[in-house]
Structures are given as C-alpha cells and as structure tokens.
Amino acid sequence: MSEHSAHPSAAAATGRPRAVKAVIPAAGLATRFLPATKAVPKELLPVVDRPVLQYIVEEAAQAGIGDVLLITGRGKTSMVDHFDRRPDLEERLAGKPDLLAAVKRTEELAAIYTCRQPEQLGLGHAVGYAESHVGDQPFAVLLGDEFVNLSEPLLPAMLELQARTGGVVLAFFEVDPAETKRYGIASVEPAEPEFGDLAEVVKVTGMVEKPNPEDAPSNLAVLGRYVLPGKIFDAIKRTSPGSGGEIQLTDAMELLRTEGTPVHAIVYRGTRYDTGMPLGYLQTVVQIAADREDLGGEFRKWLVEFVNSDASGGPNT
C-alpha cells in the first residue's frame with residue numbers, strides 16, 4: 001500500500017464525515033498562454049491526448065470523490081462539454097473500442113457541476129461560490145493547473161487526515177531555497193504522533209507569501225491541494241482583500257488557524273506536474289509522453305536525437 005493511501009476505518013472512528021466533493025476553481029483568464037487561451041480554456045490544453053482538467057478530475061475520482069464543482073468564468077463552457085455525452089461521436093467510434101472507451105470514460109469519472117464566478121477577485125472569492133453546493137461539509141479544493149502522478153496519490157491521505165482532525169489540511173512540496181520567492185512558504189512543527197501512519201505530516205504554524213530566501217521559514221511550498229472544513233465559508237466572508245487587492249484563501253485559512261482550527265499538511269514526495277506557466281506545461285507534456293507505454297520508446301529516441309542534433313549545430317528535424 002502506498003504511503004499516501006487512505007485509512008477509512010481510522011477516519012470513521014472519529015465520527016467526522018469524510019469529504020466526498022471537490023471544487024476546482026477555473027475562472028482565470030490564463031494571460032500567460034494568450035492568444036491560445038482566447039477561445040480555449042487553459043484547463044483544456046492537451047497533455048498528449050487528455051486535457052489538463054481531465055487529469056485533475058481523474059485524481060479526484062481515484063480518491064473516491066464523485067462530485068466535482070467547476071468554478072467557471074466567461075467563455076469556459078467547453079470545460080463542461082468535455083465531460084458530457086457525445087452520442088454522435090460514440091456512434092462513429094463503434095468499431096474502434098479503445099477510442100470509444102476513452103471517450104466514454106470522461107463522462108463516467110464524476111458528476112460535474114458548475115458555478116459562474118462573475119469576476120476574478122481571488123482564490124478565496126472563487127471558493128466562496130461553492131458554499132451552496134458544498135454546505136457545511138468538508139470538501140477538497142484542487143487548483144486547475146497542477147496535478148500529481150496517479151501512481152503516487154496524494155488526496156487519499158489528505159482526506160483521511162482531515163476526517164481525523166476536522167480542520168484544514170494542505171499539501172506541501174520541497175523547493176530549492178532560492179525559489180521560495182515564487183511560492184507561498186509555510187512555517188511548521190512536528191505533527192502529533194498519532195498521524196504517523198498516514199504519510200509525512202506536519203503541523204502548520206503560519207504561511208508567508210513569496211518570501212525572499214533569507215526570510216523564508218522553510219523550503220516547504222504550498223501545492224494546489226486543500227481539504228477544508230465547511231466553516232471556511234464564514235471565514236472567507238470575514239476576510240478582507242489582501243495581496244493584490246483580492247480575497248485570498250490563505251488569509252481565510254490563517255483566520256481559522258488563529259481561532260483554534262487545527263491546520264496540518266502532508267509533505268508530498270511524489271511527482272507533481274505544474275502546467276500554470278508555459279515552461280512547466282511543456283515540461284509536463286514531455287514527461288508524460290516519455291513515460292507512456294505506447295509513445296515513450298519512440299518519443300525518447302526522437303528526443304535524444306533532437307537534443308544531440310541541436311547541441312551539435314545540426315538541423316532540427
């Protein structure tokens with residue numbers, strides 16, 4: 001069993017509900033990818049033959065979450081279309097069982113719901129729109145531009161930890177100390193011993209947004225996965241605009257922490273893919289293509305030839 005696997009019986013012993021819904025904020029304009037994202041949502045940019053968003057929904061489904069709310073914006077209805085049925089396409093693929101299964105899989109992953117965020121006023125503002133769908137129950141938040149390798153799952157342990165604590169659960173990954181100014185960085189202390197069976201768990205004592213290396217309390221950066229209690233919605237309502245004049249989810253979580261809500265995190269040691277910037281997106285495409293059983297061999301061979309040809313000044317073919 002993976003170190004990130006869940007332990008449902010332990011969660012059940014607490015009497016607290018386990019999160020069964022996920023929220024994916026996906027209303028941003030994706031200006032770094034313009035003009036490609038003028039008509040195509042960034043979340044639908046392909047990584048080989050699946051859009052980024054499908055990898056994220058698959059991650060939620062693998063963790064047992066079958067209810068996904070997309071917080072969308074103008075011009076992003078195609079995200080919902082991707083998970084809808086296409087009887088006409090299915091009929092045309094009747095003689096191609098592999099392709100037909102791949103198409104039908106998108107509609108079977110989860111029940112997809114949507115909510116429109118009229119204007120983008122911060123991550124906290126976006127998450128606040130999920131209240132009518134989630135209610136007072138715990139839920140997961142998955143940012144729409146990063147995902148993890150499904151063979152190294154993260155969410156099951158996060159869901160389990162939140163069911164045990166009833167608080168806020170985050171995910172961290174280690175960055176080079178020189179890179180701390182690009183991320184939200186956490187200050188932490190050792191977690192309670194009873195969580196040692198889950199994964200590498202730490203107790204969060206604070207977070208700093210994009211500190212200089214000399215001011216960073218650690219090299220643990222926030223990964224775009226959260227499991228939150230329902231009371232986060234009240235905290236968001238009481239949160240004033242912060243960095244960039246926006247309502248920040250970090251500020252709402254910090255408010256809960258100062259009021260006594262426990263905040264823990266799992267330090268993720270698996271493979272994380274970040275498609276939020278063009279370079280990270282390209283790296284993700286290359287990594288996943290190189291690892292594919294049906295493509296990897298030939299692709300790696302071509303990639304080596306391409307790099308060697310470029311390095312020697314030869315033609316790029």
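Mentor: What follows is a walk through the ring pairs, then a residue beside one of them, and then a pocket. Please keep in mind throughout that this is a predicted model.

A search of the whole structure finds 7 aromatic pairs. One of them joins Phe139 and Phe233, whose rings are stacked, with 5.2 Å from centre to centre and 5 degrees between the planes. This pair links distant parts of the chain, since Phe139 belongs to strand 6 (residues 139–142) and Phe233 to helix 9 (residues 232–237), 94 residues apart. Phe139 has a relative accessible area of 0% and is therefore buried, and Phe233, with a relative accessible area of 2%, is buried because that value is under 20%.

The rings of Phe173 and Tyr183 have their centres 5.4 Å apart, and because their planes stand at 90 degrees, the pair is edge-to-face. Phe173 lies in strand 8 (residues 168–174), whereas Tyr183 lies in the loop between strand 8 and strand 9 (184–190), so the pair ties together parts that are 10 residues apart in sequence. Both Phe173 and Tyr183 are buried. Phe173 also has a charged neighbour, for the charged end of Arg272 sits over the ring of Phe173, 4.0 Å from the ring centre.

Elsewhere, ring pairs link Tyr55, Phe147 and Tyr273 into a cluster. Phe147 is also one of the residues touched by Thr275, and Thr275 has its place in the loop between strand 13 (272–274) and helix 11 (278–291). Thr275 counts as buried because its relative accessibility is 2%. Leaving aside residues up to four places away in sequence, the contacts of Thr275 include Phe33, Lys42 and Val52, together with Asp145 and Glu146, as well as Gly280, Tyr281 and Thr284.

Helix 2 (52–62), helix 3 (78–82) and helix 5 (97–108) each supply at least two residues of the lining, and helix 5 gives the most, with 5 residues. By residue class, the lining of the second largest pocket divides into 10 charged, 3 polar and 4 nonpolar residues.

Conventions:
Residues numbered from 1 in each chain as written. Predicted model: local features only at pLDDT ≥ 70, side-chain atom pairs only at ≥ 80, totals over all residues. Heavy atoms only, no water. Helix = DSSP H or I, 4+ residues; strand = E, 2+ residues; numbered from the N terminus. Nonpolar A, V, L, I, M, F, W, Y, C, P; charged D, E, K, R; others polar. Phe/Tyr/Trp six-rings, centres within 6.5 Å; stacked < 30°, edge-to-face > 60°. Buried < 20%, exposed > 50% of the residue type's maximum accessible area, 1.4 Å probe, protein only. Lys NZ or Arg CZ within 6 Å of the ring centre and 35° of its normal. Contact = heavy atoms within 4.5 Å.
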